[in-house]
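Dear colleague,

Here is the structure I promised to pass on to you, with the sequence alongside it. Please open it first, and then read my notes below with the model in view.

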Amino acid sequence: MKFLKKYAAPLLMLAVFETVAVVLWLLMDNIFYLFNFTYIGGCIALGLTLYARQYKHARLVVQFGVGLYMLLYLGLMSGENMQIEGFWYYLFSGVFEAATIHYAVAKIFGPLLFGRGWCGYACWTAMVLDLLPYKRPRSPRKKFGYIRYITFILSLLFVGALFLFHVPGLERVMFLSFIIGNILYYAAGIGLAVWLKDNRAFCKYVCPVTVFLKPASYYARIRVTVNQDKCVSCGKCRKVCPMEVDMTDNSRKRTNGTECILCMACVDSCPKKALKL
Ligand code: SF4
Ligand code: SF4
Ligand code: SF4
């Protein structure tokens, strides 16, 4: 019983991802989905197990395990554009596979269950940004959030134009756009982090994927909540949050509530053990 309680989260995640793996394998008649979601679920379960065993870098292990797989294997070696442009590309092509499935699971419907878990445990942009020295923002939050809508519309217009003007060799163009897009993301992400002294500045202001992630994660089932009876308002949790979430407020409308990446820094920092997932 004790074992089950301690490892409930990794077992649950493994079960969820294995279910998705089997369902998609059978539905799409493609064994790749079995391998893909088993691998990702395995990485997440491993990270949660390490976390339960209090290993300090558990989250980084998952981030690199999933992030490198998606960037190097799916993106560069298999030529799948898993960025938002790839999502539009498959959507406009009328094909429900690769990036469309990835977006449906990780970024559109999945966040109804696990919020911005993608951002905390799998994103290959953030896996690099999280290595930078500004783990907690050192300057007040800026009112730059509107930029995400501009990048979102630009990505949509870019892919729309490729179809509208019947650009030849679309697969090659999408592969090149994956490489160039990632270079731009890393350059902008690192530049903003250094400029604003905030590792996650790109996530807060620029990333177009948050246009999908934020509304869905508002309704997330898995979220950090506080036990008000235990909380002594010491403020330690808010100091360590990379996303400036007010986790001491249980309301869904709490400040920056849709920014939580489930990193658990606040939960670990609370001296009264007042926070939990
Ligand atoms: S906000 Fe964008 S860049 Fe940041 S972790 Fe999420 S998907 Fe990645
Ligand atoms: S510190 Fe807490 S509230 Fe902030 S992102 Fe991490 S888990 Fe979410
Ligand atoms: S660290 Fe714990 S006790 Fe302190 S304000 Fe946060 S939830 Fe309350």
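The shell around ligand 2 consists of 14 nonpolar residues, with no polar and no charged ones, and the closest of these 14 residues are Cys241, Val245, Cys260, Cys263 and Cys266. Please keep in mind throughout that this is a predicted model.

As background, most residues other than glycine have a negative phi. Is leucine 262 buried or exposed? Leucine 262 has 21 other C-beta atoms within 10 Å, and because the cut-off for burial is 20 or more, leucine 262 counts as buried. Methionine 264, with 17 C-beta neighbours inside 10 Å, counts as partly exposed.

The protein chain is divided into domain 1 (83–218) and domain 2 (224–277), and the centres of the two domains, taken over C-alpha atoms, are separated by 25 Å. Their contact takes 15 residues from domain 1 and 13 residues from domain 2. On the side of domain 1 that touches domain 2, the elements that give two or more residues are α8 (117–121) and α13 (210–218), and by class this side has three nonpolar, five polar and seven charged residues.

Within domain 1, whose bounds are 83–218, helix α5 (residues 84–93) is mostly covered, with seven of its 10 residues buried. The buried residues of α5 are Ile84, Glu85, Gly86, Phe87, Trp88, Tyr89 and Tyr90, and what covers them includes α6 (99–108), α10 (147–164) and α11 (170–196). Following α5 is glycine 94, whose phi is positive, near 75°.

Finally, there is a helix pair to examine. How do helix α2 and helix α3 pack? Helix α2 (residues 8–28) and helix α3 (residues 32–52) pack at an angle of about 175°, with their axes 8 Å apart. Because angles over 145 degrees count as roughly antiparallel, α2 and α3 are roughly antiparallel to each other. The contact draws on residues of α2 including Met13, Phe17, Glu18, Val20 and Trp25, and on residues of α3 including Tyr33, Phe37, Thr38, Ile44 and Leu48. By class, the contact of α2 with α3 has 18 nonpolar, three polar and one charged residues.

With best wishes

How values were computed: Residues are numbered from 1 along each chain as its sequence is written. Chains are lettered from A and ligands numbered from 1 in the order in which they are written. This is a predicted model: local features need pLDDT of at least 70, side-chain atom pairs count only at pLDDT 80 or more; totals for chains, interfaces and linings use all residues. A residue is near a molecule or strand if its C-beta atom, placed from the backbone, lies within 6 Å of it. Ala, Val, Leu, Ile, Met, Phe, Trp, Tyr, Cys and Pro count as nonpolar, Asp, Glu, Lys and Arg as charged, and the others, Gly among them, as polar. A residue is buried if 20 or more other C-beta atoms lie within 10 Å of its own, exposed if 12 or fewer, and partly exposed in between; C-beta atoms are placed from the backbone. Helices (H or I, at least four residues) and strands (E, at least two) are DSSP runs, numbered from the N terminus. Two residues are in contact if their C-beta atoms, placed from the backbone, lie within 7 Å. Axes are lines fitted to C-alpha atoms, for helices over the stretch in contact, and angles run from 0 to 180 degrees between N-to-C directions. Angles under 35 degrees count as roughly parallel, over 145 as roughly antiparallel, 65 to 115 as roughly perpendicular and the rest as oblique. Domain bounds come from an automatic or database domain assignment.
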